[in-house]
Amino acid sequence: MAGIEYLSPEGLRVDGRRPPELRKLKCQLGVFEQADGSASIEQGNTKVLATVYGPHDVSLRSQALHDRAAINCQFSMAPFSTSERHKRNRGDRRSEEISLALRQTFEAALLTELFPHSKIDIYIQLLQSDGGNCSVCVNAATMALIDAGIPMKDYVCASTAGYIQDTPMLDLNYLEETSGGPRLTVATLPKSGKIVFLQMDSRLHQDHLEKVLDTAVQGCRKTYTVLDSIVKDNLKNLQHSFAF
């Protein structure tokens with residue numbers, strides 16, 4: 001990747017965005033009728049499908065929690081999601097790490113105490129990878145949970161930020177992620193500003209950490225604005241259809 005200019009003299013990135021701009025975000029709710037909730041998200045060229053089942057009874061009594069619902073998250077990558085066509089099993093280490101991070105993130109946001117002795121299953125599949133995979137998965141799961149009507153404290157909105165050519169950049173694409181610079185992934189509860197997930201890939205000098213973290217948090221707020229608008233538009237469409 002030597003010789004690539006990630007930020008032009010005019011302040012434009014390789015895909016034409018300014019450093020603090022999100023990629024175009026599109027979302028559709030209720031895409032999978034068999035699930036209790038589902039959503040698909042496209043953020044730039046990264047595409048994710050999320051489905052939710054539950055709350056439902058647990059199959060094994062030993063899995064039940066007496067004071068809250070158990071959350072099960074499973075992340076997988078479609079074989080065609082990247083240009084590398086090697087087989088990637090659902091149980092590989094990276095997928096397990098993302099599944100665990102997603103479960104811990106949503107344990108902090110879902111009102112699981114309302115559903116003791118039950119289970120909520122969240123399945124997330126990466127259909128196309130072009131940067132920000134984990135953050136887009138969080139956003140897709142949030143929308144699927146909203147579609148399922150499962151109570152949450154707030155939206156869980158995620159974004160990435162990096163530090164390239166001495167500039168904080170929001171919502172990195174794949175080319176920017178492979179630049180070798182640091183990358184920060186953050187998920188927040190937008191109304192309270194609480195950070196429920198934070199992951200750093202590669203080292204970042206502490207003098208730049210605050211700027212990059214602030215860029216990522218701002219990205220979470222921008223993502224919330226887009227997702228909340230989509231949910232409200234979907235609700236209006238549902239109300240209009242029931243009116244007839």
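Predicted model: local features only at pLDDT ≥ 70, side-chain atom pairs only at ≥ 80, totals over all residues.
Trainee: What does M143 touch, leaving out residues up to four places away in sequence?

Mentor: M143 is among the residues with the most contacts inside the largest core. Leaving out residues up to four places away in sequence, its partners are C27, L29, A39, I41, L227, I230 and V231.

Trainee: How many residues are in the second, separate core?

Mentor: This core includes Y6, L7, I164 and L172. Its residue count is five.

Trainee: How many residues apart are Y53 and Y123?

Mentor: Y53 and Y123 form one of two aromatic pairs. Their centres are 5.9 Å apart with 75° between the planes, and the pair is edge-to-face. Y53 is in strand β3 and Y123 in strand β5, so the pair links distant parts of the chain, at a separation of 70 residues.

Trainee: Are Y53 and Y123 buried, exposed or partly exposed?

Mentor: Buried requires under 20% relative accessible area and exposed over 50%. Y53 has 25% and Y123 has 30%. Because both values fall in between, each residue is partly exposed.

Trainee: Which parts of the structure does the pair of Y155 and Y224 tie together?

Mentor: Y155 and Y224 are edge-to-face, at 5.1 Å centre to centre and 85° between the planes. Both residues are buried. They are 69 residues apart in sequence, so the pair ties together the loop between α2 and β6 and helix α4.

Key
Residues numbered from 1 in each chain as written. Heavy atoms only, no water. Core = buried A, V, L, I, M, F, W, Y, C linked by side-chain atoms within 4.5 Å. Buried < 20%, exposed > 50% of the residue type's maximum accessible area, 1.4 Å probe, protein only. Contact = heavy atoms within 4.5 Å. Phe/Tyr/Trp six-rings, centres within 6.5 Å; stacked < 30°, edge-to-face > 60°. Helix = DSSP H or I, 4+ residues; strand = E, 2+ residues; numbered from the N terminus.
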